[in-house]
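Good morning, and thank you for the time. Please have the sequence and the structure open while I speak.

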Amino acid sequence: MWNFVLNTGGTVNCHDYEPDYFTVNGKSYPDLQADTTAIIKANVGQTIRLVISNTGLHKHSIHFHGYHLEILYSTKFPAHVGRVKDSFPIDPYESLILELTPEKPGTFPVHDHNLVAVTGAGEYPNGMIGFITIQ
Amino acid sequence: MFRKHISFLLLLILYFSQGFAQTMKTFDLVARQSGTAIMWDGTSVDLWGFKEGLGGNVNLPSPLLVINEGDSVTLNVINQSSMPHTIHLHGLDVSQANDGVGATSFDIPPVMGTGTYKFKATHAGTFIYHCHVETVIHLQLGMYGGVVVKAAGGANNAWTGGPAFDSDYTWVISDVDTSWHTNIPMNGSVPGFDPQYFLVNGKSKQQLNDTTVSITADVGDKVYLRMINIGYTRNRVIFPAALSAEILSSDGRPLPVSEVTDTVDIYPGERYSVMLDFASAVTDSILVEYYNMYDNNVLFTNRVPLGATPPPPPATVKYDQLDDFGDFTTKSWGSGGPNPNPPANVYSGGPAGSGDAYLEVTSNGSGGAGAKLVAFNTAHWAGDYIGEGIKTLRMNVNNFSGPNVNLRLRFDGPGGTFLSVNPVQVTAGSGWQSVIFPIEAADLTGGADYTATMSEVSNVWIYNSAGAIFPGPVTSSVMGIDNILATGPATGFPVEWLAFNARPRGSSVELTWTTGIEQNNRGFEVELSTGDIFNDFSTIGFVEGKGNSDKRSDYSFLTDPLPPGGYQFRIRQVDFDGKFSYSNIASVVLNGQSMASVYPNPVVDNGAQLNVNLAKEEKVTVDILDIYGRHIETIVSGKLGNNTLYLDLEEYLDGMYICQITTKTGKMTVKFMVLRG
């Protein structure tokens, strides 16, 4: 919507910002499923490190099915390092590093629990839905 | 991809105990698209959701599932609706097959389709279950509830071995946009989300007084608050500083370092658990704020009431409290408490005769409530017996009819239940008599902490039992009780001394004594002194007591032969619990020897006894001298034989004195000391 407004010479107000598309590494579900930079694949017992940066203006809450991950690093909340969670809030301009050593196999969704961000232009499923596959 | 189709036969909740922390737990949930939630302003919102059992409507949120760490859990789901649904076990890290995501496992088909989810609860904590079909829509429509995994064995700890709490609350925080519920979005087409209602456990504003939401505690309690955000907004929960809120856990895992804070931000899908310390009386509220995910504007604030009141003040037993039933009421005895619950009435004809009201407690002897002789009081006889210095309860009792009974007291309180060590036997047809129940630590048995119970007694019982157990036998009895008095220790000793005498029998001495009431009396040690200073008594024998008696009892003891001389005797009465008391002193002279003694010696008060035992009655002078032999006063100038005189020593300073008895034939002296400290 902002793009449309700006492209047609209008102005925008940051306080009214309500995005309607949500991407990870530039892609939304279902295209995201084919992106090897975003879809996590590993084996049981391997240690996975995941860097998440929120370069948008929306707040997100990234939820992992199947696994809890440890916060290794947080730009905004250093005191949260060491917490083991399944849902990870991430604010605009914040980065997190998470670590997982999976103990069981399976394919599980990894998605935003800010459920507006699993839609795209009002259609579900879209947006920030990825997967983790452990073999 | 696979589906599970399980025949729908039974809706039973099954529990198979396999020892501690190995329980199987089964929930039978029905998915329905029929339900309503009433918002704070009366607006009715259509719901989808899960409920336990067939029939009926769903509520918001769906039922809280409570299990214990280590449980093996089965969720049987019946889909009683027109659309597929699933249950995603959010945060429980179940296997892919049980994850409740249709694309990676199975949907539960519509119209009585069934599905089963199985998992083991490996971590105590707070989790969520919700439908994961078209999640954005089905979740908003109400298909969510909380899962609490308690510590192993269901203990009140944040996690197994973790910090303990007195009570816990679970808040499922969410929001409602009524337009989604009125015109249900279909085929994945999701309208803008613009909520009007902001909820905690489905409640808002004045509805927050709901007992699952508002927090009530006793002062001193620790309350563990589990918070779940399963809404579409970001929550900020703000606690009164007085509660010293401390985040202990998030997403079902203990924090590596707990965080003391008055503000907890909870994003959708997150859970945080905080320990609240109600250290002092407080009435306040917790703010629950709801924010958009894309700005910092507060959409709504709920204020959840909380309060901690001091524990109810202990009831009002007072030293010297007396129930004489003079107002012809039962004074709350024998009613309003637990069974057995015998009839208790007030009649005329107490110890003081006609017109004197007394409590009559009857037992029917035929089983059921009222079969046993019990009276109890949870009203003004509850309270702090230690703080009041109450050492005995005394009363008049009358065993009107029935067998002999053994009355005991029972005290209930935080330190456990205590019973009288020794009973007071009241024989059938006893008539009115006075009885004393000692209630000091050695007098009561059973509970873990005497002080805890006796400083906060909740219930006092008078009951019949031969042994220190409760309750006693079934009896058909009529027991009168009157003049129940809370007071100090039994007056010095639980034996009423009526007489004590010593007289020569040849070269031996025969001692005889008589008691009235005996309580808990083990017996009597016979003590002998040769009459020197400091009354150096030594024990020469023992006579068993009656234990408990309300009748006159006569005792006697014959000494071994003694050499000529003067002797003093006294009796040391000993209780079963080690308490003791002394009789007076009796003196005797064998074989023509005269003697005298002062008792007690040292003198600790303003007076003392002077026992004079002369071989024959004769004229004497009794003088008091100081330690240097200076005359102070003459007590007697006249005839004496065997006499007990009273020495008034009020004017005497502390020190050693000499009592000198002068006869025609000689002088006899006794030293005594005044030592008042």
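What we are viewing is a predicted model. Where pLDDT is low, the predicted coordinates should not be read in detail. For chain B as a whole, the mean pLDDT is 86, and 92% of the residues reach 70 or more. For the complex, the predictor reports an ipTM of 0.93 and a pTM of 0.58.

Let me turn to strand 20 of chain B, which covers residues 271–277. Which strands does strand 20 of chain B pair with? One of them is strand 15, residues 222–229 of chain B, joined to strand 20 by seven bridges in an antiparallel arrangement. Within strand 20 of chain B, Y272(B) is the bridge partner of M227(B). Another is strand 17, residues 246–250 of chain B, which also runs antiparallel to strand 20 and is joined to it by four bridges. Here M275(B), in strand 20 of chain B, stands opposite E246(B). Because six of its seven residues are buried, strand 20 of chain B is largely enclosed by the rest of the structure.

Is G142(B) buried or exposed? It has 29 C-beta neighbours inside 10 Å, and the cut-off for a buried residue is 20 or more, so G142(B) counts as buried. Beyond its neighbours within four places in sequence, G142(B) is in contact with G35(B), L47(B), W48(B), G49(B), V58(B) and L60(B). As for Q33(B), it is 109 residues from G142(B) in sequence, yet their C-alpha atoms are 9.2 Å apart in space.

Finally, the interface between the chains. Contacts link 34 residues of chain A with 31 residues of chain B. On the chain A side, the elements giving two or more residues are strand 3 (60–64), strand 5 (84–85), strand 6 (87–90) and strand 8 (106–112). Strand 8 of chain A supplies the largest share, four residues. By class, this side of chain A has 12 nonpolar, 15 polar and seven charged residues.

Thank you for your attention.

Technical notes. Residues are numbered from 1 along each chain as its sequence is written. Chains are lettered from A and ligands numbered from 1 in the order in which they are written. This is a predicted model: local features need pLDDT of at least 70, side-chain atom pairs count only at pLDDT 80 or more; totals for chains, interfaces and linings use all residues. A residue is buried if 20 or more other C-beta atoms lie within 10 Å of its own, exposed if 12 or fewer, and partly exposed in between; C-beta atoms are placed from the backbone. Two strands pair if DSSP finds at least two bridges between them. pLDDT is the predictor's confidence in each residue, from 0 to 100. Two residues are in contact if their C-beta atoms, placed from the backbone, lie within 7 Å. Ala, Val, Leu, Ile, Met, Phe, Trp, Tyr, Cys and Pro count as nonpolar, Asp, Glu, Lys and Arg as charged, and the others, Gly among them, as polar.
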